[in-house]
Amino acid sequence: MTSIGGAYHDGQQLLELLSVVSECSDEESAAHAAVERAAQALDAEVAAVVIDDEVAAVVGFPVGRVPQDDLVAVAHRERDNVDVPGVGHCHAIAADWGGSRPGHLVLARWGERGFSVEERNVVRGMARLLELALTMLRTLQAEHEMRERSERQAAENAELLASLQQRQRLLEHLFDVQRAISRRRPLPQVLDMIAAAARQLLGDGAVGLWLRDDSDPQQISLVAGAGLAVDIERETPTMPLAEAGTVGAAIMSGGVVVCEDDSTEGVASMAAPVHDSGTITGGLVVMAERPGRVYAPPEVQMLQSFAEHVSLALTDANTVDRMHQAFHDSVTGLASRSLFLDRLAHQLELTGHGGGRVALLFIDLDRFKAINDTLGHAAGDTLLTITADRIVAQLRDSDVAARFGGDEFAVMLQNVSTPGDAAKVADRILRGLHEPMRIAGRQLQVNASIGIALSTHGMTDPAALVRRADIAMYRAKRNGRGRYDVFADEMLLAFTDGETQQTV
């Protein structure tokens with residue numbers, strides 16, 4: 001796993017773990033699914049779940065040869081290594097969770113480098129999600145058993161049965177929310193889904209989710225809800241945090257606030273804070289339909305469960321957004337140079353296992369600097385955005401385009417048989433770019449020079465392929481611009497001998 005690829009894919013692991021365990025029907029299968037996913041995600045030789053000083057699930061050891069005492073010692077931070085048969089001495093780490101049945105997620109990996117800070121954060125996140133899943137499955141199982149007993153005594157336990165049915169519906173709603181998050185449904189849809197479920201289960205008049213304003217944390221805005229008198233899609237109500245009644249108090253205190261007669265809403269209400277990556281960023285408030293409402297402790301716990309899932313949805317959506325910004329060009333939206341090189345390295349590795357050849361197109365706009373200097377940077381950015389769109393329009397879904405910086409772009413074509421296949425794509429790109437563009441009130445025509453290089457047998461270094469395509473691009477510029485050239489070995493010799501000169 002490359003460092004960039006590892007950073008990019010690690011951001012997906014928490015949601016993949018959540019997706020796997022949310023499909024499990026009991027604690028045992030969830031624990032086994034979690035250790036398998038964790039070991040795969042962290043390239044670990046060993047992964048284990050330790051609960052009550054017993055190994056509940058483990059991968060990486062032969063049957064009958066699990067060193068339970070060693071794994072428990074790692075879980076309690078009494079040692080940081082473990083011996084794995086057939087592998088040897090492995091670095092080990094553990095992440096803990098609390099609750100009614102505290103547990104630990106233990107991982108061990110062979111090698112000298114151990115676990116990075118980012119990987120330790122991923123392990124801690126996995127432990128927290130596993131705790132949530134195990135707790136819900138444990139509760140679901142216990143209440144399912146209680147429900148079966150209650151159904152046999154329905155006449156005597158009607159009230160208890162109704163409560164258990166409500167809890168059952170709560171867990172079903174929460175599992176639906178988890179699946180929606182893991183499948184990356186749009187954030188507004190997930191938040192509205194949570195608000196609607198809270199209103200339905202609590203039987204109250206309205207539910208609202210208020211978030212702090214990014215530019216002014218002392219202001220909050222209504223972003224989702226159910227049963228509200230306002231249309232959030234048309235207007236976004238805002239109010240000062242200090243004047244926000246129950247929800248404002250929950251945000252400022254960091255805990256659940258219950259009011260029997262709130263002066264702001266005019267009726268009973270309760271609110272719980274919501275978080276983004278551990279920071280309080282808003283609150284979920286429930287308002288009674290009429291005065292005189294009294295909230296029981298189970299209802300407060302229900303609100304907290306919904307607030308926790310709001311926090312999970314916000315954290316995931318913002319993490320995905322931050323990852324996208326980190327690995328994509330802010331002007332064109334194309335992949336960044338780092339992400340492109342990482343994917344190119346991965347594709348070159350696949351070619352070594354019979355995955356076909358890779359073609360790389362290195363594209364440089366001709367005389368972009370003159371346009372940028374004459375019309376200004378805003379016009380230059382518009383030109384770059386149009387260029388990116390026209391490049392992508394000539395590609396397949398499996399191809400990857402990136403902006404390397406300035407006026408340089410790169411395209412990776414997978415499973416290319418001959419240079420002629422890549423040349424056809426380059427020719428389409430040149431013709432597409434040459435179509436007139438309307439920018440800053442002027443009609444412009446843009447040319448580009450393209451260098452083409454194909455991977456050779458055994459090539460694994462993405463920088464080497466980029467260098468060849470770059471050399472071919474400069475040959476195209478020297479030979480008249482607005483054209484493409486395919487790399488040949490003699491170009492490399494000429495370049496290293498100083499015969500190829502860069503042309504601006």
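Buried means under 20% relative accessible area, exposed over 50%, and partly exposed in between (1.4 Å probe, protein chains only). The model is predicted: local features need pLDDT of at least 70, side-chain atom pairs count only at pLDDT 80 or more, and totals for chains, interfaces and linings use all residues. Residues are numbered from 1 along each chain as its sequence is written, and side-chain values use heavy atoms, with hydrogens and water left out.

**View 1. Asp366 in its loop.** Asp366 sits between strand S12 (357-365) and helix H10 (368-375). Helices (H or I, at least four residues) and strands (E, at least two) are DSSP runs, numbered from the N terminus. Asp366 counts as buried because its relative accessibility is 6%.

**View 2. Partners of Asp366.** The Asp366 side chain makes a polar contact (a pair of N or O atoms within 3.5 Å; within protein, one must be able to donate a hydrogen and the other to accept it, and residues adjacent in sequence count only if both atoms are side-chain atoms) with the side chain of Ser449, at 3.0 Å. Beyond neighbours within four places in sequence, Asp366 is in contact with residues including Lys477 and Arg481. Contact means heavy atoms within 4.5 Å.

**View 3. An open sheet.** The order of its 6 strands is S8-S7-S6-S11-S10-S9, with antiparallel pairing. Strands S8 (238-240) and S9 (257-259) each have a single partner strand, so one side of each is left without a neighbour in the sheet. Two strands pair if DSSP finds at least two bridges between them.

**View 4. S6 beside S11.** Strands S6 (residues 206-212) and S11 (residues 279-287) pair in the antiparallel sense over 6 bridges. Ala206 has Met287 of S11 as its bridge partner.
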